[in-house]
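Please take the sequence and the model below together, and keep both in view while reading. The paragraphs that follow move from the chain as a whole to individual side chains and their partners.

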Amino acid sequence: MPRTLCLLMFCVMLAACGKNQDSPPAAPASAAANLRPADAALASVYDQSCKACHATPASGAPQTGDRAAWAPRIAQGMGTLLEHTVSGYKGMPPLGSCGDCSEDEFAALIRFMSAEPGL
């Protein structure tokens, strides 16, 4: 094979190694990933027990600070939200992966994540 043809084939193959135009664009970083409760102790619990799902859009959990996603849940009332948190609900593990959290801590975390401080 002539050297120029080999070089041309190499360049074509190299160009094909570029970004796949058919692949979906990368998902934008979640705004929830940067939110944390102001209280340091609550922030620690949030980071260890809640953030993995509530700051990861692919998890299916309502994202922290996304009022639209939380609205139908808020409409159920704090009692139902606490019951779902304690017992587990759909993909959420019982106790929200926080075996030593109090009901008050769960309520504070729900208020923080839902952006509904008066809940």
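A residue is called buried when its relative accessible area is under 20%, exposed when that value is over 50%, and partly exposed in between, with a 1.4 Å probe and protein chains only. By this criterion H84, at 18% relative accessibility, counts as buried. This is a predicted model, in which local features need pLDDT of at least 70 and side-chain atom pairs count only at pLDDT 80 or more, while totals for chains, interfaces and linings use all residues. Residues are numbered from 1 along each chain as its sequence is written, and side-chain values use heavy atoms, with hydrogens and water left out.

The protein chain has 5 helices and 0 strands, where helices (H or I, at least four residues) and strands (E, at least two) are DSSP runs numbered from the N terminus. Along the sequence this gives the pattern α-α-α-α-α. Of the 119 residues in the protein chain, 26% are buried. If contact is taken to mean heavy atoms within 4.5 Å, then 50% of the contacts in the protein chain with a separation of 6 or more are accounted for by residues 24 or more positions apart.

To return to H84, this residue is placed in helix α4, which covers residues 78–87. Once its neighbours within four places in sequence are left aside, H84 is in contact with Q76 and Y89.

What are the centre distance and plane angle of the aromatic pair formed by Y46 and F112? Two aromatic rings are described by the distance of their centres and the angle of their planes. Rings of Phe, Tyr and Trp (its six-membered ring) pair if their centres lie within 6.5 Å, and the pair counts as stacked with planes under 30 degrees apart, as edge-to-face over 60 degrees, and as tilted for the rest. The structure holds 1 aromatic pair: the ring centres of Y46 and F112 are 5.2 Å apart and their planes stand at 85°, so this pair is edge-to-face. Because Y46 belongs to helix α2 (residues 40–54) and F112 to helix α5 (residues 103–114), the pair ties together parts that are 66 residues apart in sequence. Y46 itself has 0% relative accessibility and therefore counts as buried.

The C-alpha atoms of A32 and K51 are separated by 8.3 Å, although the two residues are 19 residues apart along the chain.

D47 counts as partly exposed at 30% relative accessibility, and R36 counts as partly exposed at 45%.

The side chains of E116 and R67 also meet in a salt bridge, at 3.0 Å from N to O. E116 lies in the segment after α5 and R67 in helix α3 (residues 67–74), so the parts tied together here are 49 residues apart in sequence. E116 is partly exposed, with a relative accessible area of 26%, and R67 is partly exposed as well, with 47%.

The axes of α3 and α5 come within 9 Å and cross at roughly 135°. Angles under 35 degrees count as roughly parallel, over 145 as roughly antiparallel, 65 to 115 as roughly perpendicular and the rest as oblique, and α3 and α5 are therefore oblique to each other. R67, W70 and I74 of α3 make the contact with I110, M113 and S114 of α5.

Finally, L119 is placed in the segment after α5 and is partly exposed, with a relative accessible area of 26%. Residues up to four places away in sequence not being counted, L119 touches I74, M78, L81, I110, R111 and S114.

How values were computed: Salt bridge = Lys/Arg side-chain N within 4 Å of Asp/Glu carboxyl O. Axes fitted to C-alpha atoms, helices over the stretch in contact; angles between N-to-C directions.
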